[in-house]
Amino acid sequence: MNRRPTLLAALALTATAALTLSACGSDDDSPAKDKDTIAGADTGDKKSPSPATSAPASDDRPKIELPSDLSYTFDWPKTGDKEKDAVLADSEQSIKAVDMAIVNQDPLDKAYLYYYEGEAAAGTEEFIQAYVDAKARVTGAYSFYDADVEVSGGSTASLVYCEDQSKAFDMYLKDKKVNKTPVTKNSYVLYSTKLRKNEKGVWVITKLLSQRGSDKCQR
């Protein structure tokens, strides 16, 4: 998952996270899920999130449950290739798992660690920790599109895709204040990921890079 340079984004960048803090891409100082640059990478109140977005925990995969104020659109149709489609499916879950960790305010949440390893896991942990430190989480609608997936040798893959954060924002847990920001070129982010198929047959992310404001992703 680089998502807008702001207070949290700055923290994420110093932590060499490919993820950034959230929401639409503006240059203010609010926390945002901005998975910006580099590689690797709320329930602040103690209520449980309502299961609005969830995936069955089949084959020992973690169940993803997110609050009803978060929504996702993945506009990347199936390719017809079994492995490529598996990369896309696991990548969808990995994106949601990171947001669930932010919602749970848990930098070591088991769900996202199921889909990330090595450099990517370390960067993602620091990204999530920035949200915990700021006592904030993500809210709104995320859209993903223009996916390009390649599989090599049956065990390694690459996935490049775009994210539209124009309707996604950060929310501070104490007062539930949503930091709404204007839509700019930086609201659109290009991601490049490296994955490997592990012993469980899961496509896990080993490296994540992002480019905010990419011309490729403008709408």
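Trainee: Two strands pair if DSSP finds at least two bridges between them. How many bridges join β7 to strand β8?

Mentor: Two bridges join β7 to β8, which covers residues 178-179, and the two strands run antiparallel. Helices (H or I, at least four residues) and strands (E, at least two) are DSSP runs numbered from the N terminus. This is a predicted model, in which local features need pLDDT of at least 70 and side-chain atom pairs count only at pLDDT 80 or more, while totals for chains, interfaces and linings use all residues. Residues are numbered from 1 along each chain as its sequence is written, and side-chain values use heavy atoms, with hydrogens and water left out.

Trainee: Which residue is the bridge partner of Met171 in β8?

Mentor: Met171 has Val178 as its partner there. Five residues lie between the strands in the hairpin of β7 and β8, and in that hairpin Lys176 takes a positive phi near 60°.

Trainee: And how many bridges join strand β6 to β7?

Mentor: There are 14 bridges between β6 (residues 136-152) and β7, again in the antiparallel sense, and within this pairing Tyr145 stands opposite Cys162 of β7. The hairpin of β6 and β7 has three residues between its strands, with Gly153 at a positive phi near 65°. Strand β7 also pairs with β9, antiparallel and over nine bridges, where Leu159 has Thr193 as its bridge partner in β9.

Trainee: How many of the residues of β7 are buried?

Mentor: Twelve of the 17 residues in β7 (residues 156-172) are buried, so the strand is mostly covered; buried means under 20% relative accessible area, exposed over 50%, and partly exposed in between, with a 1.4 Å probe and protein chains only.

Trainee: Changing topic, how many salt bridges does the count come to?

Mentor: The count comes to nine, where a salt bridge is a side-chain nitrogen of Lys or Arg within 4 Å of a carboxyl oxygen of Asp or Glu. One of them joins Glu83 and Lys197 at 2.8 Å, N to O. Glu83 lies in helix α2 (residues 82-104) and Lys197 in strand β9 (residues 188-197), so this pair ties together parts that are 114 residues apart in sequence.

Trainee: What about Arg196, which residue does it form a salt bridge with?

Mentor: Arg196 meets Glu117, with the closest N and O atoms 2.5 Å apart. Because Arg196 lies in β9 and Glu117 in the loop between α3 (110-113) and α4 (118-134), the pair ties together parts that are 79 residues apart in sequence. Arg196 is partly exposed at 29% relative accessible area, and Glu117 is partly exposed at 25%.
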